[in-house]
Amino acid sequence: MAPVKVLGSAAFTNVARVLVCLEEVGAEYEIVDVDFRSKEHKGPDHLARNPFGQVPAFQDGDLTLFQSRAISRYVLRKHMTDEVNLLREGDPKESALVDVWLDVEALSFDPAMRSVFYQHRVAPALGGAPDEKIIGESVEKLRKVLDVYEARLSKHRYLAGDFLSLVDLSHFPETHYFMGMPYAAVFDAYPRVRAWLEELFDRPAVKKVIALMAKDFN
């Protein structure tokens with residue numbers, strides 16, 4: 001069986017989200033770079049794969065997908081086993097909790113993280129200056145999310161329950177970059193969140209993808 005193709009650099013957090021799922025299930029894959037400098041992502045070939053001109057795009061035979069969380073779900077469903085069931089399918093209650101907390105990650109956690117990253121890393125790279133007001137507001141939004149996470153993790157080992165799921169894996173790419181910024185101390189007030197992240201970042205699949213992110217970022 002030919003390896004699936006993931007189009008986009010591992011340095012992009014949405015690409016890394018897909019890659020860590022592929023690593024967790026042991027699937028073969030090929031990373032195909034998309035050249036943003038030449039605006040390949042806005043060219044007709046890539047727009048046919050991702051009509052929003054973003055990454056990742058994903059190809060498995062004649063199936064083409066975009067949107068990282070949808071791709072991740074596909075990968076985890078296709079390769080689901082009794083030992084590796086990161087969507088908790090087969091258990092309606094547990095799978096519903098995965099859906100709930102994945103929505104929290106996508107709608108509350110990720111936007112706050114992404115805003116800080118943009119202001120701290122992207123705006124200066126584009127010749128602008130970070131907007132410290134936006135950063136401060138975003139960090140405060142993140143604190144409110146972490147308050148909820150700390151309470152949740154005082155009752156369960158992972159966010160969706162006492163089982164690892166896509167929810168946990170989906171948090172790592174943005175958090176990895178955030179931990180290298182001056183605002184990372186915000187996590188110091190949340191010992192259960194920190195312990196959860198330490199366990200997450202110690203996973204072989206996460207370590208592998210972090211190495212790919214570092215390689216592509218440079």
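Begin with the lining of the largest pocket, which by class has 14 nonpolar, 10 polar and nine charged residues; here Ala, Val, Leu, Ile, Met, Phe, Trp, Tyr, Cys and Pro count as nonpolar, Asp, Glu, Lys and Arg as charged, and the others, Gly among them, as polar. The model on your screen is predicted, and for that reason local features need pLDDT of at least 70 and side-chain atom pairs count only at pLDDT 80 or more, whereas totals for chains, interfaces and linings use all residues. Residues are numbered from 1 along each chain as its sequence is written, and side-chain values use heavy atoms, with hydrogens and water left out.

**The largest pocket**

Select F12, F36, V55, F117 and V122, which of the 33 lining residues lie nearest the centre of the largest pocket. A pocket is an open set of points on a 1 Å grid over the protein atoms alone, where a 1.4 Å probe fits and where protein lies on both sides within 12 Å along at least five of seven lines; lining residues have an atom within 4 Å of a point. The volume of this pocket is about 1,300 Å³, a volume being the space filled by probe spheres set on the points, which are joined across faces, edges and corners.

Next, colour helix 4 (92-125), which is one of the helices that supply at least two residues of this lining and which gives the largest share, six residues. Helices (H or I, at least four residues) and strands (E, at least two) are DSSP runs, numbered from the N terminus.

**Between the domains**

Now colour domain 1 (4-84) and domain 2 (92-208) separately, bearing in mind that such bounds come from an automatic or database domain assignment. Both domains give residues to the lining of the largest pocket, so the pocket lies between them. Domain 1 and domain 2 bury about 1,300 Å² between them, with 58% of it on carbon and sulfur atoms; buried area is the accessible area (1.4 Å probe) that two parts lose on being put together, summed over both. Select T13, E24 and R69, which supply 39% of the area that domain 1 buries against domain 2, more than any other three residues.

Which side chain meets that of R69 in a salt bridge? The partner is D110, at 3.9 Å from N to O, where a salt bridge is a side-chain nitrogen of Lys or Arg within 4 Å of a carboxyl oxygen of Asp or Glu. Across the interface of domain 1 and domain 2 the rule finds six salt bridges.

Then show E23 and K208, whose side chains meet in a salt bridge at 3.1 Å, N to O. Because E23 lies in helix 1 and K208 in helix 8, this pair ties together parts that are 185 residues apart in sequence.

**Two backbone stops**

Most residues other than glycine have a negative phi, and most peptide bonds are trans. Zoom in on V55 and P56, which are joined by a cis peptide bond with omega of about 5°; P56 lies in the loop between helix 2 (44-49) and strand 3 (57-60). Finish at K39, where phi is near 60°, a positive value in a residue other than glycine, and which sits in the loop between strand 2 (29-32) and helix 2.
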